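Here are a few points for a colleague who is opening this structure for the first time. Please read them with the sequence and the coordinates side by side.

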Amino acid sequence: MTRQAPNHARTVPLRPMTVRPMTARPGPVRRAAAPPGPAPAPSAPAPAPSAPGEPLWRDLVGDVLRGERLAQERTLKDVAEAARISVPYLSEVERGRKEASSEVLAAAARALGLGLGDLLARAHGELVRVTGRRPGAVRGRSGSSHGGLCLAA
């Protein structure tokens, strides 16, 4: 017969352990026992804050989508059906809560009679307006002629 190893899992922390400052009351800290049942899912880390004065791209795109939809006096349901995406998802994209894929953005833009390039150009124009920067005013080291606009899928 073969001897089986004990059934113990080794845990490796993903983040370095931090030392907390001493509390006012020395002594052991008692923690409440975990309730029986499956362990709760770990919560997602909080997103890193953007630089001051720099809006998030998803907020800009969402604002453009919502502005165009309202200008056409169309409902979320109407546009979502035309784009073949769910109403709650389109709502979250418009509010900047979801980072939509290029396929979803293209479908939403088409449903509004725009091309993906039109949507992104309007979002870029909104970025320039909000940040107060002229296009091409700040160039990177590469000297790119794209005015700092770079999209990656």
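1. A polar contact here is a pair of N or O atoms within 3.5 Å, of which, within protein, one must be able to donate a hydrogen and the other to accept it. With that in mind, please look at Thr-131, whose side chain comes to 2.8 Å from the backbone oxygen of Leu-127. The model is a predicted one.

2. Thr-131 belongs to helix α5, which spans residues 116–131. Along the sequence, Thr-131 and Pro-55 are separated by 76 residues, yet their C-alpha atoms lie 8.0 Å apart in space.

3. Turning to the backbone, most residues other than glycine have a negative phi. Glu-73, although not a glycine, has a positive phi of about 55 degrees, and this residue sits in the loop that runs between α1 (57–71) and α2 (76–83). Glu-73 counts as exposed, because its relative accessibility is 75%.

4. Which value does phi take at Arg-84? The angle is positive, at about 60 degrees, although Arg-84 is not a glycine either. Arg-84 is placed in the loop between α2 and α3 (87–94), and with a relative accessible area of 76% it is exposed.

Methods: Residues numbered from 1 in each chain as written. Predicted model: local features only at pLDDT ≥ 70, side-chain atom pairs only at ≥ 80, totals over all residues. Heavy atoms only, no water. Helix = DSSP H or I, 4+ residues; strand = E, 2+ residues; numbered from the N terminus. Buried < 20%, exposed > 50% of the residue type's maximum accessible area, 1.4 Å probe, protein only.
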